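Please read them with the model open.

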Amino acid sequence: MLTLSQQEAVDYDYTPGTILSIQSGPGCGKTWTLINRIKRLLEEGMNPSEIIVLSMTNRTVNLLQEALADSLKYDIATNVVIKTFHSFASQIFDDNFEKYFPGRPPNCVVDDSTWKSFAKFFSAKHKDLDAAVLAVKSGEDVDQVALRYAIPNDQLSRTLEYLEDNGMIRFHGLITSALEIFKESRGELSLAGAKVIIIDEFQDMQPILLKFIKQIAVYGCKKHVTLAGDKNQCIYDFLGSRPGITSEFIHDLKFKHSEIVLKETFRLGSGVLEMANEVIPSDLRSVKQYGVAPLRQGELCTDIVELIAVSGGLIKFSDIIVLAFTNREVDQFAEELTTRYGISNKFRSNWVNTKLHIYLDLLHVLRKSYGSDFALLFVLEKMGTKNLKELFARYNEWNCSKKNRLEDYLRENSENVAIKDLLDLVEQEREGLNTPVSIFSSLGRISMRTGIIGAPKADEMGAFYTSLKTSYRRYQSESKGTFLDYFLKHYYDDDPILEEDSVNLSTVHKAKGLEFPVVFVPNFSRLPKPRLK
């Protein structure tokens with residue numbers, strides 16, 4: 001059953017060169033509307049492969065895929081292209097780079113933790129280096145970028161060269177790499193045959209993603225574009241998103257456009273909606289028949305315990321999330337919950353941000369391919385090896401090729417017994433890394449022999465092994481290359497795992513795309529309105 005405004009959006013025309021902007025407040029059925037719009041396109045004879053749906057989060061992608069599979073034949077639903085922006089861009093590059101850029105290495109995404117270490121090694125601030133790389137990849141002059149971010153020109157040039165030679169990119173590099181393919185392919189990709197592009201969470205678009213969407217919309221021929229989002233829910237202003245981004249995009253693309261607003265919220269009760277309107281006035285109307293009134297005061301831990309007690313077991317700890325605005329606030333609430341009430345809690349993060357991150361470096365070393373030199377340097381640093389910059393400088397003088405040969409150099413020139421033992425151990429462990437068990441076991445043996453991470457926490461180890469198993473299930477259905485390659489490319493795609501006996505803690509930004517029955521926002525009334533928005 002659809003509301004009148006939802007039905008209007010579902011039935012809206014999809015003529016090439018047009019835009020439909022669906023503005024939807026929280027709980028107004030945006031996802032349900034998009035699913036029914038896709039079904040309508042298919043019912044009218046559109047080929048599933050002619051529809052491309054892009055979103056910011058894996059959770060939304062999974063939700064759309066599951067909902068379509070429930071209401072359509074499996075083979076039809078699975079042929080609709082539903083991906084995150086970055087996974088779609090990655091596929092475009094991976095499938096085509098050897099044709100259009102022969103000799104270029106495959107892309108290897110550098111996550112935040114590794115990037116910080118990389119920037120530190122090059123004596124640069126990681127945020128400045130990140131912005132500088134994106135600027136150059138977007139076509140800006142290297143000299144001007146170096147001046148803007150106070151990075152010595154020769155240092156920035158060497159860094160860019162090393163990154164390119166090893167296929168090392170940041171997440172935005174997935175997008176710029178796909179844009180390079182668009183430019184070189186000149187309409188030859190199968191993307192040229194797509195007819196409809198559906199973009200979810202459009203209010204969170206960043207400048208580089210806008211450029212990506214514009215190129216998709218006109219690649220080969222003009223396509224219809226459906227945008228869905230809510231300008232009042234823009235929370236990534238620090239990445240370049242802003243409330244007016246939808247109107248700016250429509251103006252730049254110069255497509256004929258219409259807007260449909262979904263105003264009936266099925267999620268927010270009248271009390272919650274009233275409080276929300278104090279921060280951001282809206283025309284939303286609650287159609288929820290029941291709901292708990294928001295608590296405007298109280299003590300966080302007491303409220304959580306009492307709520308669970310009075311619910312008679314209907315509410316579990318995992319149904320609750322506490323939202324904070326900074327990591328420091330998250331730490332404070334975690335400490336309070338644990339020490340005062342013994343309430344287990346889980347930060348909305350994962351093993352990647354723990355000391356187990358060194359496992360990724362070890363896997364790159366075991367893989368021995370592009371980028372493995374720096375991974376080995378980070379491992380040596382964890383082992384306490386000194387003067388790594390001098391070692392790397394001598395290695396670069398020795399290595400006349402652009403191949404990763406740090407292992408070879410160390411075998412020939414290092415007298416350090418611990419380094420030689422590590423390299424021998426790595427060589428022994430390289431065989432058979434094709435299942436979660438084999439990878440987990442190999443890393444365990446290396447860790448025990450080298451003492452590289454001490455005693456890891458059981459829950460972190462469990463999360464890492466779960467990540468391996470999740471990737472392996474996906475790998476078996478998408479099987480391409482080795483499992484080790486696949487895991488290193490997709491480990492950051494994992495959805496969060498809820499623990500029934502733990503309250504969830506998160507910053508607002510990390511909670512994007514998640515839904516919980518009970519949400520606590522401590523310090524709400526003391527925060528200035530611009531920050532609340």
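1. T114, S117, F118 and F121 of α6 touch F374, L377 and F378 of α17. Contact means heavy atoms within 4.5 Å. Helices here are DSSP runs (H or I, at least four residues), numbered from the N terminus. The contact of α6 with α17 holds five nonpolar, two polar and no charged residues. Nonpolar covers Ala, Val, Leu, Ile, Met, Phe, Trp, Tyr, Cys and Pro; charged covers Asp, Glu, Lys and Arg; the others, Gly among them, are polar.

2. On the basis: this is a predicted model, where local features need pLDDT of at least 70, side-chain atom pairs count only at pLDDT 80 or more, and totals for chains, interfaces and linings use all residues. Residues are numbered from 1 along each chain as its sequence is written, and side-chain values use heavy atoms, with hydrogens and water left out.

3. The axes of α6 (residues 112-121) and α17 (residues 372-382) come within 11 Å and cross at roughly 90 degrees. That makes α6 roughly perpendicular to α17 (65 to 115 degrees; under 35 is roughly parallel, over 145 roughly antiparallel, the rest oblique). Axes are lines fitted to C-alpha atoms, for helices over the stretch in contact, and angles run from 0 to 180 degrees between N-to-C directions.

4. Aromatic pairs number 34. The rule: rings of Phe, Tyr and Trp (its six-membered ring) with centres within 6.5 Å; planes under 30 degrees apart are stacked, over 60 edge-to-face, the rest tilted. F118 and F374 form a tilted pair, 4.9 Å centre to centre with 50 degrees between the planes. F118 sits in α6 and F374 in α17, so the pair ties together parts 256 residues apart in sequence.

5. How does α17 pack with α19, and at what angle? The angle is about 50 degrees, and the axes are 9 Å apart; α19 spans residues 406-413. That makes α17 oblique to α19. D373, L376, L377 and L380 of α17 meet L406, E407 and L410 of α19. By class, the contact of α17 with α19 has five nonpolar, no polar and two charged residues.

Methods: Helix = DSSP H or I, 4+ residues; strand = E, 2+ residues; numbered from the N terminus.
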